[in-house]
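Subject: Structure for you to look at

Hello,

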Amino acid sequence: MFDQLSLLGAGLVNTFDPLNFSMILVGLVIGVLAGALPGITMLNAIVLVLPFTYLMGIVPSLLLMTSVYCGGVFGGSITGILFNIPGDPMNVPTTWEGYALNKKGFVSKALGMAIMCSAIGGFLSALVMTFVSPPFAKVALSFSSCEYFSVVFLGLVSVVVIGTRSIGSAFISLFIGMFLGTVGMDEIYGAVRFTFGSRIMETGINFTTVLIGLFAIGEVLDQLSVKNKGDGEIIRTRPKTTLPTFGEIWALRNTILRGLGIGTVIGAIPGTGATVASFVSYGVEKQVSKTPEKFGTGVWEGLAASETSINASTGGAMIPLLTLGIPGSGATAVMMGAFLLHGIQPGPLLFNKSPEAVYTIFVGMLVCNLIMILAGLITAKFFSELMRVPENILCAFIITFCLIGAFALRNDMADVWFMAIFGIVGYFMRRYDLPIPPMILGIILGPLAEKYFLTTMIGAGNDFTIFFTRPVSGCLMVTSIGLLLMPFLRGLGKKGKKAQA
Amino acid sequence: MSKTDAGEAQDVSPEPVWKSLVGPLLFVLLAGTFYVLAGKIDEPPGPEQLGAGFWPKMVLIFLMVSCGIKVGEIFMARGKREAEGTPAGPLPEVNTLKLAAMIAMVIAAVYFMDVIGFPLANFLFLLLFMRIAGLRKKLPLFLTSVLGTLFLLYLFVKIVYLPLPKGQWFFDDMTIFLYRVLHII
């Protein structure tokens, strides 16, 4: 314990070295900006800064990358709250509540709450990472495809809580999304599915193009096509970010703690990450809420749960990377590349060979999450300025950014076509009340669910009961089924009460 | 309820059931078609393997079941509305011509981005889209389109090194010439 504290002290001194500290600041600004721009993902930003780390030592390199990572996962929430355009798929649940709060006139508070919850989630998960890394990683390492499927299944089940108005519509949207996820080359058997001979379709439909199209283009078309709205109306409001008071945060303590737990645990499981964490956390929060029917209309608990879990997953994701040398996500894989570039192999030996470097990264992440409040306020102010731009100009530029964002994914015009088509589909989905979020959930989690399901089946000789006989998987599956049945049971309960009355 | 409110409520007649059923039935038809196609995926599974067609087939079955749930919901909601005497609310009125023009602009922007290159296609898109969206003053319209395109070129081509489409034939040379003039490359 004493050794650990002295190493933390050394890490603290190293973190405030001018070069290291400036890397944290630069990384946070780059990360938040990249996360906020649709189509430019946090992962793109980490890859973009990788070449700049060649000339640096390992500590400033990793501090730069972890700051981009922490800032990037938060950044997408800003545009989600302001314009209903999530920067990354993980920011989708934040967008549901954040944009609804914006419409209600709570935009300043929503931005502030998102910043604070992100910072709290990231800071506390970094603390967890510092003290419980080794035992935590051992548990995650024991997970097989069976447990991974159960985690993803839990994420998919959250559709029940997304589809508030019509469970049928929510399920239709979810399964269309899951079906779209099957287009292209199958990962397990290598078979080509539903491509109709098109080579472009073989790589599948990139979910980011669907996300940008459905949310951004659909929203723009919806906003501008409504009659009697006043063409070219100038949006004069310029929201200021208002940080929540201690009392407001304290009132959400249970939500934040649940988000922290879910984010850290799911983040530590390789292959899942912030997107699954935010959907699961939002779903769980709605199920435990006394007013679940209000979710989607601007509920602080929904926003706080999603934001806390997104940033909590960053600390969790670093655990298997640092202690076992296993990158659990694209972002940590690039970070592992940075380790290897500097001739260092992450894993248990890292704690013996370069303890100071490891603890500097730990402290760096703690500091980074505190400074993120400042970076978030600055970036939110910059994006808030855009609210003063006339709607017709803003919408034209949103479409342009979407076109560039879709093209930037793979430098392929096919992605831009997909984005445009899904934009038009998104408009009609809004018009005919088919919810968009379940489709996004299906297209993101569907392929993961398929991969883990089929891998498990190959290993278990097609015995479906394996999902219930393994302890962790069994608990998760029972929880998922419970969540799935809860709306029906609630409905029955209400009917019973009405009959009694 | 005021007289006006009551009058408005009476004007809104509930949507006929067959109209609400079109969507779910269309999805059932599509799901059925793709189910047949999934059966033809030419990758025979090995012994004791589920095969590449298993997962899409399962998803499509669940999609059809969901359509059944939706149909049930439609009938239940109708019964409830009839019992309570409240018709479904109308959708907000849409400027169909404007919507069609905006959709056409988005499709044209994607098509021409590849043919005439990003700079020219984006300038024309911004100009026309903002006009359709209601910006009528000519100078701001022109300046926003030109300066916006220049800003995007510097940001994405010069700073982020993103090779935006240069166009085909003559337009390829023209885009490169423009980049040289602007010191982007």
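Buried residues make up 25% of the 185 residues in chain B; a residue is buried if 20 or more other C-beta atoms lie within 10 Å of its own, exposed if 12 or fewer, and partly exposed in between, with C-beta atoms placed from the backbone.

This is a predicted model, in which local features need pLDDT of at least 70 and side-chain atom pairs count only at pLDDT 80 or more, while totals for chains, interfaces and linings use all residues. Residues are numbered from 1 along each chain as its sequence is written, and chains are lettered from A and ligands numbered from 1 in the order in which they are written.

Confidence

The predictor gives the complex an ipTM of 0.82 and a pTM of 0.70. For chain B the mean pLDDT (the predictor's confidence in each residue, from 0 to 100) is 79, and 80% of the residues reach 70 or more. Residues 1-12 of chain B have pLDDT below 50, and this stretch has four contacts in the model beyond near neighbours in sequence. Two residues are in contact if their C-beta atoms, placed from the backbone, lie within 7 Å. Where pLDDT is low, the predicted coordinates should not be read in detail.

Chain B

Chain B has seven helices and zero strands; these are DSSP runs, numbered from the N terminus, with helices being H or I of at least four residues and strands E of at least two. Of the contacts in chain B with a separation of 6 or more, 59% are between residues 24 or more positions apart. Helix H7(B), residues 170-181, has 12 residues and spans 17 Å from its first C-alpha to its last, close to the 16 Å expected (1.5 Å times one less than the number of residues). After H7(B) comes His183(B), with a positive phi near 60°.

Interface

In the contact between the chains, 53 residues of chain B meet 51 residues of chain A. H3(B) gives the largest share of the chain B side, 11 residues. That side divides into 37 nonpolar, nine polar and seven charged residues (Ala, Val, Leu, Ile, Met, Phe, Trp, Tyr, Cys and Pro count as nonpolar, Asp, Glu, Lys and Arg as charged, and the others, Gly among them, as polar).

A helix pair in chain A

The axes of H11(A), residues 207-225, and H21(A), residues 437-460, come within 10 Å and cross at roughly 170°. H11(A) is therefore roughly antiparallel to H21(A); angles under 35 degrees count as roughly parallel, over 145 as roughly antiparallel, 65 to 115 as roughly perpendicular and the rest as oblique. Axes are lines fitted to C-alpha atoms, for helices over the stretch in contact, and angles run from 0 to 180 degrees between N-to-C directions. Phe207(A), Val210(A), Leu211(A) and Leu214(A) in H11(A) meet Met439(A), Ile440(A), Ile443(A) and Ile444(A) in H21(A). The residues of this contact are eight nonpolar, no polar and no charged.

Regards
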